[in-house]
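User: I'm new to this one. Can you walk me through it?

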Amino acid sequence: MTTYNGHCHCGQTEWTVKLDDPGHILCHCDACKMLSGGECTLNTLAGKNDIKITKGKLGTYDYQGDSGNPVHCYYCPNCTSHVYHHQTVMGDKIVIRTALLEGGKKFKIAAEIFGKDRLGWQPELAKTFPGPPE
């Protein structure tokens, strides 16, 4: 496992996260499009115990995911950069935003999820699942 440093847009919040395989999972779901204001978000999975907030505190809110279960969102309360999400349907795994990690620009694309919601002009870039990975 490798430890990566992350920080939000304004620098008020910093963290470390341990990752086994740091590839981007592109999420095309409508919630991610609304959060990012773009066509997708860049993510990977980690264990809940693999992230440590080293500076600042996180704000939180919840919404109902496509599964019908709660999704807990953790973000910088100043600039609102989303650090990670915990989808309760995923047990002890969390969804880390990889674009906020140092070295994240070098990560390869591992997969795409919620391909059914991909914008029509976007090409397929990796193995794509219509919804969450099965």
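Analyst: Here are some notes on ring pairs, strands and salt bridges.

Analyst: This is a predicted model: local features need pLDDT of at least 70, side-chain atom pairs count only at pLDDT 80 or more, and totals for chains, interfaces and linings use all residues. Residues are numbered from 1 along each chain as its sequence is written, and side-chain values use heavy atoms, leaving out hydrogens and water.

User: How many aromatic pairs are there?

Analyst: Three. Rings of Phe, Tyr and Trp (its six-membered ring) pair if their centres lie within 6.5 Å; planes under 30 degrees apart are stacked, over 60 edge-to-face, the rest tilted. One of the pairs is Tyr 4 with Phe 107: centres 5.3 Å apart, planes at 80°, so edge-to-face.

User: Where do Tyr 4 and Phe 107 sit in the chain?

Analyst: Tyr 4 is in strand β1 (residues 2-7), and Phe 107 is in the loop between β9 (93-97) and β10 (109-113). They are 103 residues apart. Strands (E, at least two residues) and helices (H or I, at least four) are DSSP runs, numbered from the N terminus.

User: Are those two buried or exposed?

Analyst: Tyr 4 and Phe 107 are both buried. Buried means under 20% relative accessible area, exposed over 50%, partly exposed in between (1.4 Å probe, protein chains only).

User: What does β7 do with β8?

Analyst: They run antiparallel, joined by five bridges. Strands pair if DSSP finds at least two bridges between them. Val 71 stands opposite Gln 87 in β8. The two strands form a hairpin with six residues between them, and Thr 80 in the turn has a positive phi of about 70°.

User: And how many bridges join β8 to β9?

Analyst: Two, and these strands also run antiparallel. Tyr 84 has Ile 96 in β9 as its bridge partner. This hairpin has five residues between the strands.

User: New topic. How many salt bridges?

Analyst: Four in the whole structure. A salt bridge needs a side-chain nitrogen of Lys or Arg within 4 Å of a carboxyl oxygen of Asp or Glu. One of them joins Glu 14 and Lys 55, at 3.9 Å, N to O. Glu 14 is in strand β2 and Lys 55 in strand β5, 41 residues apart.

User: What about Asp 30 and Lys 33?

Analyst: They form a salt bridge too, with the closest N and O atoms 3.2 Å apart. Both are in helix α1 (residues 30-36), three residues apart, so about one helical turn separates them. Asp 30 is partly exposed at 48%, whereas Lys 33 is buried at 13%.
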